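Let's walk through this one together, a piece at a time. Keep the viewer open and follow along.

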Amino acid sequence: MEKGIILMKNYLRFTMSGVGAVLVCVLVSQARAGWFSAKSEARYYSPCAVVASDDGNDVFVAEYSANQVVQADVVKGGLKRTIATKLPPSGLALDSRSGVLFVTLESNEGQVVLIDTRTGKLEARIAVGHTPLAPALSPDGKTLAVCNRFNNNVSLIDVPSRKESGRVAVSREPVAAAFSPDGRQLLIASHLPSMPANGDYSASVVTVIDPATRLVVTNLTLPNGSTGLRGLCVSPDGRYAYVTHTLGRYQLPTTQLERGWMNTSAISIIDLQGVKMLSTVLLDDVDLGAANPWGVACTTNGALLCVAQAGTHEVSVIDRNALHERLGRVAKGEKVGVSLSLEDVPNDLSFLVGIRQRVKLPGNGPRGLCLAGDLAVAGMYFSDNLAVVSLTTTPVVAREVSLGPKTPLSEERKGEMYFNDAAFCFQEWQSCASCHPDGRADALNWDLLNDGIGNPKNTKNMLLSVQTPPSMSLAVRADAAMGVRAGLKFIQFSMRPEEDALAIDAYLTKMKPVPSPYLEKGKLSKAARRGEKVFRKANCATCHSGSLYTDLQTHEMGMGQGMDKDKPFDTPTLVECWRTAPFLHDGRASTMKELFQEFNKDDVHGDTSKLSPRELDDLVEFVLSL
Ligand code: HEC
Ligand code: HEC
């Protein structure tokens, strides 16, 4: 206890002196016995990102919930060092030559900090954008790319001068980045599709950037239904990039789960020489899904490709040469699995049979993944440990490395874990988070059965769903609690005890909004303040009323088409709608402006037709600021 107090004092001193600023390194045994355990609130670690030194001896772990980075000894077990970061660390990159660790810190005013791992000292702090993550270092160590998730751009940082040299606009929610080994290509994976959801094609993209000119070379569109992108890596020979994602079969009514009827899980492969998509391979087996693929990494000799499956708590270890040999054969028209051509591969649940091992990991929720020598190391987000897979033993085995004493899970944390767990689904095809990533929405339309077949609806954000009954666009559920229970039963085809549903309720109830990227220093911009007046003038507030911007009522405004014609729709909250495009129940409007310009010509949805162009822009700015 005394030690804890001394550390606390040191911590405050460093924090206030501005020398050590927010970073202070302490021996881990002391840290665990010190101020962290002295706090009454629950302390989880939530390891979300991991990175290893080139020699594999050091593994650094970003502990999102504990606001710290730890250096773990994955061979002997135990921790070597703890580095407090004050804000949640969201991503890591390491320059093994200089020993500098780059840590992105999550905030609406995000930062990257550079830490000298030899001394533990903070070298630099650089302001970047909203919710930075996935730092990637160029092979020459001179450029660091950082994804600013909610600014839809990438910061390029000149490492020698420790200055941001520019930003490159990319598609929606960049979440993963990697350089080619020659440093000439920078690849960025965008989490979500950015098109209307009621068309024939909806998929996210991978952007290829030329780091020298900072220009976008091309956007590679993934197969129809590709959403929830999470991980990206490039093979050591620079020939291929691999990106992990969910592949939604959203055009089918959600009547069953068998054989990947709703969501499948995939790696898409990019040919970096041709700068084009090569193929998309399913990670699922014919009767067992591989939900929520996340981190992906290639061994340095190029032999193995490892993929963390966050929903099924596994790592898939794929024989990479055999994979490309198979792809080469189908490309020539030979039959492999059930595929006769490359076009068949994204639907072939047997393509990896015999060339991939699914390794069960100790713990729950592998997200970040790295290779340390012959070991694959995954951060187990919900069970607060590392899983270490030895790739050289046959069969491949996994063991647990502790990150410290575990805190018992609160109802809310349990609920979040269940929401992300495909064990709650028949054959583990999907978790709730497959369609509601991070508790939000996948930007796809789904034809759920609760309101009939043939009227797909755009996935809804879970934020405030508890506080804003009724639920679903057509208000077919009285409240979110009913939606949760129906989701378990009719979407996941699973019978769960009531206590599991109660935990999910607790998670949904406590979800917090993320501040809009349209705010300036946390406040409405000038344009948004003008827009607030337009909001009242255009009568928006009659239905979008109160602090949650909904009257909790349904209205018939002529929005419904087909079998939804003349049906009243529930007034949705507008909080966080900056991140939930496309808009309206069928996702017909891909932007907020389009919602009024294209789909409100006769003023059924507020009085917008007579607004001046500037008034409309201001209105849009206001709504996107909520
Ligand atoms: C296959 C995709 C998919 C999966 C998986 C899924 N949902 Fe949904 N969810 C949707 C769609 C689409 C909507 C919007 C439906 C509508 O508006 O009629 C929705 C709406 C909801 C709502 C209502 C929100 C509101 O405010 O109206 C709740 C609550 C919900 N889902 C909870 C869950 C839970 C809990 C799970 C896991 C057990 C889950 N969902 C799994 C697609 C999915
Ligand atoms: C008569 C009640 C009513 C009025 C007036 C109204 N809305 Fe709505 N609003 C709704 C309903 C109901 C929906 C859902 C429609 C649907 O899903 O197709 C909706 C949907 C929206 C959405 C889409 C949200 C999403 O996540 O898809 C936005 C944004 C929005 N309204 C903003 C506004 C603005 C801005 C105004 C004023 C110009 C306005 N609304 C006026 C009832 C109203």
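Two strands count as paired here if DSSP finds at least two bridges between them. Strands themselves are DSSP runs of E with at least two residues, helices are runs of H or I with at least four, and both are numbered from the N terminus. Before using those terms, some ground rules: this is a predicted model, where local features need pLDDT of at least 70 and side-chain atom pairs count only at pLDDT 80 or more, while totals for chains, interfaces and linings use all residues. Residues are numbered from 1 along each chain as its sequence is written, chains are lettered from A and ligands numbered from 1 in the order in which they are written, and side-chain values use heavy atoms, with hydrogens and water left out.

Now for the sheet. Strand 28 (residues 385-390) runs antiparallel to strand 29, and six bridges hold the pairing on record. One of the bridge pairs is Ser 390 with Val 397, the latter in strand 29. Zoom out and you get an open sheet of four strands, ordered 26-27-28-29 with antiparallel pairing. Strand 26 (366-372) and strand 29 (397-402) form the edges, each pairing on one side only. On average, neighbouring strands in this sheet are turned by 25 degrees against each other, direction ignored; the axes behind that angle are lines fitted to C-alpha atoms (for helices over the stretch in contact), and angles run from 0 to 180 degrees between N-to-C directions.

Next stop, Ser 339, which sits in the loop between helix 4 (320-331) and strand 25 (356-360). Is Ser 339 buried or exposed? Ser 339 counts as buried because its relative accessibility is 0%; buried means under 20% relative accessible area, exposed over 50%, and partly exposed in between, using a 1.4 Å probe and protein chains only. Its side chain makes a polar contact with the side chain of Asp 348 at 2.7 Å. For such a contact, two N or O atoms must lie within 3.5 Å; within protein, one must be able to donate a hydrogen and the other to accept it, and residues adjacent in sequence count only if both atoms are side-chain atoms.

On to ligand 1. Which protein atom is a donor to its iron? The only one is NE2 of His 436, at 2.1 Å, where donors are N, O and S atoms within 2.8 Å of the metal (3.2 Å for Na, K and Ca), and sites may look incomplete since water is not among the atoms. His 436 is in the loop between helix 6 (432-435) and strand 30 (445-446). The ligand has 23 residues around it, with Cys 432, Cys 435, His 436, Met 472 and Ser 473 coming nearest; being near takes a heavy atom within 4 Å. A backbone N or O atom of Met 472 is 2.6 Å from an oxygen atom of ligand 1, and a side-chain N or O atom of Ser 473 is 2.7 Å from an oxygen atom of this ligand. Helix 7 supplies the largest share of the shell, five residues.

Finally, ligand 2 is surrounded by 25 residues, the closest being Cys 540, Cys 543, His 544, His 585 and His 605.
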